[in-house]
Amino acid sequence: MANLVVSGIILGSIITLGAVGLTLLYGIVNFGNFAHGDMMTLGAYIALLMTATIFPALGLVDTPIGPLSFGWVMLVSFLPAMGVTGLAAIAADRLVYRRLRERRVRPIMLAIAALAVAFVMRSVIYILWGADFHFYSQGLRTTWKLPLGITLRPDQVVVLVVAWAMVVGLYTFLQRTKTGKALRALADNPDLARVSGIATERMITLTWFIGGAMAAAAGILLGIDSQVRPEMGWLMLLPLFAAVILGGIGNAYGALAGGLILGVVQQVSTAFMSPSYKPAVAFIIMILVLLVRPQGIFGGSKSS
Amino acid sequence: MTENGSGRLLEVADVVSGYGEMEILHGVTLHVDRGEIVSLIGPNGAGKSTVIKTIFGLVPAWSGQVVFDGEPITALPPEQIVRRGISYVPQVENIFPSLTVEENLEMGAYLREDDFRPQMERIYQMFPEIADRRRTPAGKLSGGMRQMVAFGRAMMLEPQMLLLDEPSAGLAPLVVELIFETVVNINRQAGVTILMVEQNARKALEISHRGYVLVDGRNRVEGTGRELLANEEIGRLFLGG
Ligand SMILES: Nc1ncnc2c1ncn2[C@@H]1O[C@H](COP(=O)(O)OP(=O)(O)OP(=O)(O)O)[C@@H](O)[C@H]1O
Ligand SMILES: [Mg+2]
């Protein structure tokens with residue numbers, strides 16, 4: 001059980017990283033980005049392209065650091081993967097969402113468009129990489145045996161550290177910098193942001209980049225924790241939304257706790273039922289929250 | 001400033017505008033001189049807010065002209081107009097509720113590249129109540145204090161002119177008093193020219209140099225605050241007496 005809690009915290013940290021991007025985007029563009037899971041997948045595959053193809057072609061083959069199954073090449077690959085996924089998110093905005101936004105369509109139409117974007121992204125991944133699953137490294141996966149029957153892989157420690165470093169980094173950016181505050185202002189009151197001289201479209205572009213980059217990082221971490229598969233992100237979509245709703249939609253702090261709770265509950269549920277029911281667990285949590293406390297467990301009055 | 005701070009600052013000439021297909025303003029003409037407080041009064045739905053929004057570029061003018069400080073601003077978007085020295089305080093939703101008081105003021109200074117701390121301190125001196133609540137989310141404040149945050153945000157760019165849309169709406173009588181005093185202070189001490197829409201027509205005219213009465217998307221009467229207060233028809237229609 002303790003072991004399931006630990007692996008739940010690791011999974012929960014990955015969910016959190018995706019969920020904070022999702023909730024930030026929701027606040028700025030006002031629709032649920034159903035392509036968020038597939039942006040995670042895209043990021044994971046671009047990192048795979050870097051570690052398996054591009055860096056080796058340049059003569060850089062990854063050698064594991066200490067007890068880890070990967071080394072610097074893997075870590076450096078985060079940057080191009082995050083950058084390219086961020087740019088892909090901006091491209092989707094320019095090609096699809098912005099056009100719809102200019103026509104002032106309802107948020108539900110944008111969310112459905114995002115679903116279409118998700119299908120396109122996943123199809124491209126199937127075409128380029130096929131349906132097989134991949135591992136980032138062939139290196140041995142060491143396992144530490146800790147008290148209380150907890151097993152932990154050194155890789156998972158890295159997953160935890162990277163996920164939380166990024167989440168803390170994003171929060172610091174939102175709380176401390178002028179641009180971060182302007183993003184929060186825009187989420188709070190778009191009309192007033194505009195009359196204050198905040199350039200809305202530029203901020204939307206920036207938000208897509210941040211959301212895409214954070215999703216990519218979450219995808220890579222998920223790939224490190226398990227494996228890289230075309231539907232890895234799609235299957236995360238339900239837990240991501242459940243985490244966001246649990247925390248109160250648009251509430252950035254709520255998403256933190258929501259992500260962790262989702263991860264732990266999903267993992268612990270596998271002690272009682274087949275792991276294939278994990279998505280159902282997320283779904284049940286989401287429905288329960290919507291029925292009982294639609295503003296989320298941390299939501300105050302402002303949840304619109 | 002030209003001519004010792006006197007002269008025409010804002011000129012609205014025969015402006016027509018509306019929403020979608022619906023024409024709301026059928027030709028509004030008004031002007032505000034430097035240093036003045038001018039009130040725009042009129043019945044509900046007359047188009048008062050629309051006049052302010054059209055001046056500020058939030059609603060595009062279909063025809064007519066808006067000139068600020070000698071230059072036409074008719075076709076400019078709000079983010080350009082605000083750079084020229086006009087700030088706007090909307091009628092509703094005029095703060096960032098989840099941002100702290102201080103962050104609200106910082107967002108008011110978003111376009112400033114220079115050090116805005118001195119102006120922030122001046123605003124805190126003008127509104128000591130909100131100075132004590134710098135770290136409180138603005139949405140948690142009382143109505144009167146929110147209005148001060150809204151004024152403060154608009155003042156951060158040290159504008160030449162403020163457009164105020166019903167600053168006293170929905171506030172308790174004592175607070176209304178305070179808001180009008182504040183408007184006078186901003187005008188006298190900070191030297192800011194003010195165009196203000198008000199439901200509280202009598203009070204607004206009492207502190208105004210001049211006023212306009214807007215009915216059905218047209219300005220019907222113009223006069224000094226005193227003249228309008230003395231006008232019997234206006235008294236009957238808008239001043240409740
Ligand atoms: N965004 C909008 N879209 C369509 N019609 C609008 C919009 N805003 C206002 N109107 C209409 O324009 C007319 C004038 O509205 P406006 O808000 O300018 O009036 P007002 O004089 O400010 O009234 P109030 O005293 O209620 O604030 C009203 O008939 C209103 O229904
Ligand atoms: Mg109005």
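Tutor: Look at ligand 1. A shell of 14 residues surrounds ligand 1, and the closest are B:G45, B:K48, B:S49, B:T50 and B:Q199. Keep in mind that this model is predicted.

Student: What classes of residue make up the shell around ligand 1?
Tutor: Sort them by class. The shell has 7 polar, 5 nonpolar and 2 charged residues.

Student: Which side chains have a polar atom by an oxygen atom of ligand 1?
Tutor: For polar contacts, look for pairs of N or O atoms within 3.5 Å. B:S49 places a polar side-chain atom 2.8 Å from an oxygen atom of ligand 1. For B:N44, the distance from a polar side-chain atom to an oxygen atom of the ligand is 3.2 Å.

Student: And what about a nitrogen atom of ligand 1?
Tutor: Turn to B:Y19. An N or O atom in its side chain is 3.5 Å from a nitrogen atom of ligand 1.

Student: How much of ligand 1 does the protein bury?
Tutor: Start from the ligand alone. It then exposes 640 Å². The protein buries 62% of that.

Student: Which elements give two or more residues to the shell?
Tutor: In chain B, they are β2 (22–33) and α1 (48–55). The most comes from α1(B), with 3 residues.

Student: Now helices. At what angle do α2 and α8 of chain A pack?
Tutor: Read angle and distance together. Helix α2 (residues 36–57) and helix α8 (residues 200–225) of chain A pack at about 65°, and their axes are 7 Å apart. Their crossing is right-handed.

Student: Which residues make the contact?
Tutor: Take each side in turn. From α2(A), they include A:M39, A:G43 and A:A47. From α8(A), they include A:G212, A:A216 and A:L222. By class, the contact residues are 9 nonpolar, 5 polar and no charged.

Student: Last, where does B:P72 lie?
Tutor: B:P72 is in strand β5 (residues 71–72) of chain B. Leave aside neighbours within four places in sequence. B:P72 then contacts B:Q65, B:V66, B:V67 and B:R84.

Notes. Residues numbered from 1 in each chain as written. Chains lettered and ligands numbered in written order. Predicted model: local features only at pLDDT ≥ 70, side-chain atom pairs only at ≥ 80, totals over all residues. Heavy atoms only, no water. Axes fitted to C-alpha atoms, helices over the stretch in contact; angles between N-to-C directions. Helix = DSSP H or I, 4+ residues; strand = E, 2+ residues; numbered from the N terminus. Left-handed = near helix turned anticlockwise from the far one by under 90°. Contact = heavy atoms within 4.5 Å. Nonpolar A, V, L, I, M, F, W, Y, C, P; charged D, E, K, R; others polar. Near = heavy atom within 4 Å. Polar contact = N/O pair within 3.5 Å; in protein donor to acceptor, adjacent residues only side chain to side chain. Areas by Shrake-Rupley, 256 points an atom, 1.4 Å probe, with all protein chains shown as cover.
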